[in-house]
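Subject: Structure handover

Hello,

Here is the structure I promised to pass on. Please open it and keep it beside this email as you read.

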Amino acid sequence: MTDQLVESVLIVDDDPIACEMLKSYFQQRGTSTISIAHNGKTALEIVEQSDDQIDLILLDLKMPVMDGIQFLRHMQLRTYKGTIGIMSGESADVMSLAIELATKHGLNVVGPVTKPANATRLDALILASKNTNYPVAGGKSFSPTAAELQIALELRQIIAFYQPIIAADSGEVVGVEALARWNHPSLGIIGPDTFVPLADKSGLVKSFTLQMINNVLHDISSLDLVSSTLKLSINLGAAVLEDTQFPDIAAKAIDEFDEDIGRFIFEITESKLIDDSIGAMEVLARLDLMGFTLSLDDFGTQYSNFEQLTRFPFKELKIDKRFVQSSAIDDRSKATFETCAQ
């Protein structure tokens, strides 16, 4: 991330008061270029006349001359590669349909944000706009080798995008999860499915994890523009759990930046836990003693059992979305979900 969360934004809304409030918000966040349009037609003209691509478009749906739905189709025809935040006072069903339509158009959509938008929800939207998983440029396939990934690590091409963690009761952004992306010099931003499994298989996962920790430490000043109390969440690979030196290395890196260990959450995917691994038990126990928060990721996707939860010092469960969705139609899933959520 940069010191500016978004360098350029286009606000498309027919309400002049809402536009001025949003303009003030982005000015306070350090956005250098802020454009305003009161309908889709004017917004298209701004897009076409802009010398550089606009990073983020905040789009109202109900507008005169050209509404937001029409505008989305025109942006698809122009192969817009920035991000679009749907911001409207329309019903949740209409906003959901607009987002689905934009996604089918191949647009990078974040949101929705219900009007009137507050700073907390806008902060979350902007963080999400920095985390869009762009495809490899030109739709090219890419199967990197371990040697190529090693070079990428040495050149610090593995970077962090940030996904906001929002408190359900207050809507406040309480943390961010660091998501690995490969900033390839010729192919652009590459998603994790292309290279994270390779890091696990090739023995590079320790170097990979340490680079992600350092990415977060270097980005903290930018993240603190949202809140200086954000929890910072980082994924740990299975091989890291077997490295008994890892807790000391992680603590030393954080201490060198004079940061609080208590802000850091280490996420361990349930499928990567080794039940009878003495090394993993030692690493997780020491991380807990040092003050790190341990989170069990994708809970509900493997053979979950409460013995495993009591064996390891987890303070947080991240329940898999499929498990949460099934709770809406299955009473047993609902009861289990409510028990875990208490």
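Below is what I found, part by part.

**Overall picture**

First, a caution: this is a predicted model. The mean pLDDT of the chain is 81. Of its residues, 80% reach 70 or more. One stretch needs care: over residues 133-139, pLDDT stays under 50. The model has 15 contacts beyond four places in sequence for that stretch. Where pLDDT is low, the predicted coordinates should not be read in detail.

The chain has 342 residues, and 46% of them count as buried. It holds 14 helices and 12 strands. Now take the contacts with a separation of 6 or more: 72% of them join residues 24 or more positions apart. The accessible surface comes to about 17000 Å². Carbon and sulfur atoms account for 50% of that surface.

**Helix 2**

Go to residues 40-49, which form helix 2. Which of its residues are buried? They are Gly-40, Ala-43, Leu-44, Ile-46 and Val-47. These residues sit on the same side of helix 2, because they cover an arc of only 160 degrees around the axis. Glu-48 and Gln-49 are on the other side, and they are exposed.

What covers the buried residues? The cover includes strand 1 (8-12), strand 2 (33-37), strand 3 (56-59) and helix 3 (68-77).

Look at the start of helix 2 as well. There, a side-chain oxygen of Asn-39 comes to within 3.0 Å of the backbone nitrogen of Lys-41.

**Asp-55**

Move on to the loop between helix 2 and strand 3, where you will find Asp-55. Its relative accessible area is 31%, so Asp-55 counts as partly exposed.

Asp-55 has partners from other parts of the sequence. Leave aside its neighbours within four places in sequence. Asp-55 is then in contact with Val-6, Glu-7, Ser-8, Tyr-80, Gly-82 and Thr-83. With Glu-7, the side chain of Asp-55 reaches the backbone nitrogen at 3.3 Å. Val-9 and Asp-55 are 46 residues apart in sequence. In space, their C-alpha atoms are 6.0 Å apart.

Next comes helix 6 (146-154). Its buried residues are Leu-149, Ala-152 and Leu-153.

Helix 6 is followed by Arg-156. Arg-156 lies in the loop that leads from helix 6 to strand 6 (158-166). What is its phi? The value is near 55 degrees, which is positive in a residue other than glycine. With a relative accessible area of 41%, Arg-156 is partly exposed.

**Asp-258**

Asp-258 also has a phi near 55 degrees, again positive in a residue other than glycine. You will find Asp-258 in the loop between helix 10 (246-256) and strand 10 (264-269). Is Asp-258 buried or exposed? It is exposed, with a relative accessible area of 68%.

**Aromatic rings**

A pair of aromatic rings is described by the distance of the centres and the angle of the planes. Here the cut-off for a pair is 6.5 Å between ring centres. By this rule, there are five aromatic pairs.

Take Phe-266 and Phe-292. Their ring centres are 4.8 Å apart and their planes are at 35 degrees, so the pair is tilted. Phe-266 lies in strand 10, and Phe-292 lies in the loop between helix 11 (278-290) and strand 11 (293-299). The pair therefore ties together parts that are 26 residues apart in sequence.

How accessible are the two residues? Phe-266 counts as buried, at 1% relative accessibility. Phe-292 is buried too, with a relative accessible area of 2%.

Finally, find Trp-182, Phe-195 and Phe-208. These residues form one aromatic cluster.

Best wishes

Definitions and conventions. Residues are numbered from 1 along each chain as its sequence is written. Side-chain values use heavy atoms; hydrogens and water are left out. Buried means under 20% relative accessible area, exposed over 50%, partly exposed in between (1.4 Å probe, protein chains only). Helices (H or I, at least four residues) and strands (E, at least two) are DSSP runs, numbered from the N terminus. The arc is that of the directions from the helix axis to the C-beta atoms. Contact means heavy atoms within 4.5 Å. A polar contact is a pair of N or O atoms within 3.5 Å; within protein, one must be able to donate a hydrogen and the other to accept it, and residues adjacent in sequence count only if both atoms are side-chain atoms. Accessible areas come from the Shrake-Rupley method with a 1.4 Å probe; for residues, only the protein chains shown count as cover. Rings of Phe, Tyr and Trp (its six-membered ring) pair if their centres lie within 6.5 Å; planes under 30 degrees apart count as stacked, over 60 as edge-to-face and the rest as tilted. pLDDT is the predictor's confidence in each residue, from 0 to 100.
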